[in-house]
Amino acid sequence: MLRVTAPRVVVFQVLSEHPHSTAREVARLVRETLGSVSTQAIYYVLAAFANAGLARRIEPPGSLARYDTRPDDNHPHLVCRPSCRHTPRAPPRAQRLSVSN
């Protein structure tokens with residue numbers, strides 16, 4: 001069981017509103033709400049959520065890890081190699097993509 005803290009609440013809200021975010025993106029958005037929060041604190045919260053089953057860590061090959069609040073929704077994740085853009089749906093140029101679960 002996780003304690004309810006302000007950083008955990010805001011991280012969960014950020015992940016819910018911005019699925020497939022990187023830790024860096026989560027940290028930036030959390031700081032917009034809470035002000036000063038260490039990057040390490042964000043990583044600890046994300047790891048705690050992943051361990052508790054509240055979030056899923058997605059690690060596409062050649063891309064930064066991303067986090068999603070739908071751990072039971074097993075859908076493919078695509079990464080465009082030239083742009084490193086990540087998407088849960090099929091983009092127009094599928095030949096430039098690699099698929100990971």
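Me: Where H2 passes H3, is the crossing left-handed or right-handed?

Reply: Ground rules come first: this is a predicted model, where local features need pLDDT of at least 70, side-chain atom pairs count only at pLDDT 80 or more, and totals for chains, interfaces and linings use all residues. Residues are numbered from 1 along each chain as its sequence is written, and side-chain values use heavy atoms, with hydrogens and water left out. A crossing is called left-handed if the near helix is turned anticlockwise from the far one by less than a right angle, and right-handed if clockwise. By that rule, the way H2 passes H3 is right-handed.

Me: And how are H2 and H3 oriented to each other?

Reply: Their axes come within 10 Å and cross at roughly 115°. Axes here are lines fitted to C-alpha atoms, for helices over the stretch in contact, and angles run from 0 to 180 degrees between N-to-C directions. On this scale, under 35 degrees is roughly parallel, over 145 roughly antiparallel, 65 to 115 roughly perpendicular, and the rest oblique. H2 and H3 therefore come out as roughly perpendicular.

Me: Which residues of H3 make the contact with H2?

Reply: Contact means heavy atoms within 4.5 Å. From H2, the contact takes in Ala23, Val26, Ala27, Val30 and Arg31. The H3 residues are Thr39, Ile42, Tyr43 and Leu46.

Me: How many charged residues does the contact of H2 with H3 have?

Reply: Ala, Val, Leu, Ile, Met, Phe, Trp, Tyr, Cys and Pro count as nonpolar, Asp, Glu, Lys and Arg as charged, and the others, Gly among them, as polar. Sorted like that, the contact of H2 with H3 has 7 nonpolar and 1 polar residues, and the charged count is 1.

Me: What is the order of elements in the chain, from the N terminus on?

Reply: Helices (H or I, at least four residues) and strands (E, at least two) are DSSP runs, numbered from the N terminus. The chain comes to 3 helices and 6 strands. From the N terminus on, they run α-β-α-α-β-β-β-β-β.

Me: Is H1 oblique or parallel to H2?

Reply: Helix H1 covers residues 6-17 and helix H2 residues 23-34, and their axes are 9 Å apart. They pack at an angle of about 125°. That makes H1, relative to H2, oblique.

Me: How do the residues of the contact of H1 with H2 divide by class?

Reply: The crossing of H1 and H2 is right-handed. H1 brings Ala6, Pro7, Val10, Val11, Val14 and Leu15, while H2 brings Val26, Leu29, Val30, Thr33 and Leu34. By class, the residues of this contact are 10 nonpolar, 1 polar and no charged.

Me: Which residues of H3 touch H1 in their contact?

Reply: H1 and H3 pack at about 70°, with axes 10 Å apart. They are therefore roughly perpendicular to each other. On the H1 side the contact uses Arg8, Val11, Phe12 and Leu15, and on the H3 side Ile42, Val45, Leu46 and Phe49.

Me: What kind of aromatic pair do phenylalanine 12 and phenylalanine 49 form?

Reply: Rings of Phe, Tyr and Trp (its six-membered ring) pair if their centres lie within 6.5 Å; planes under 30 degrees apart are stacked, over 60 edge-to-face, and the rest tilted. The count comes to 1 aromatic pair. For phenylalanine 12 and phenylalanine 49, the centres are 5.9 Å apart and the planes 80° apart, making the pair edge-to-face.

Me: How many residues apart are phenylalanine 12 and phenylalanine 49?

Reply: This pair links distant parts of the chain. Phenylalanine 12 belongs to helix H1 and phenylalanine 49 to helix H3 (residues 39-52), and their separation in residues is 37.

Me: Is phenylalanine 49 buried or exposed?

Reply: Buried means under 20% relative accessible area, exposed over 50%, and partly exposed in between (1.4 Å probe, protein chains only). Phenylalanine 12, at 31%, is partly exposed. Phenylalanine 49, with a relative accessible area of 3%, is buried.

Me: What is the phi of histidine 20?

Reply: Histidine 20 is in the loop between H1 and strand E1 (21-22). Histidine 20 is also buried, at a relative accessible area of 7%. Although histidine 20 is not a glycine, its phi is positive, at about 70°.
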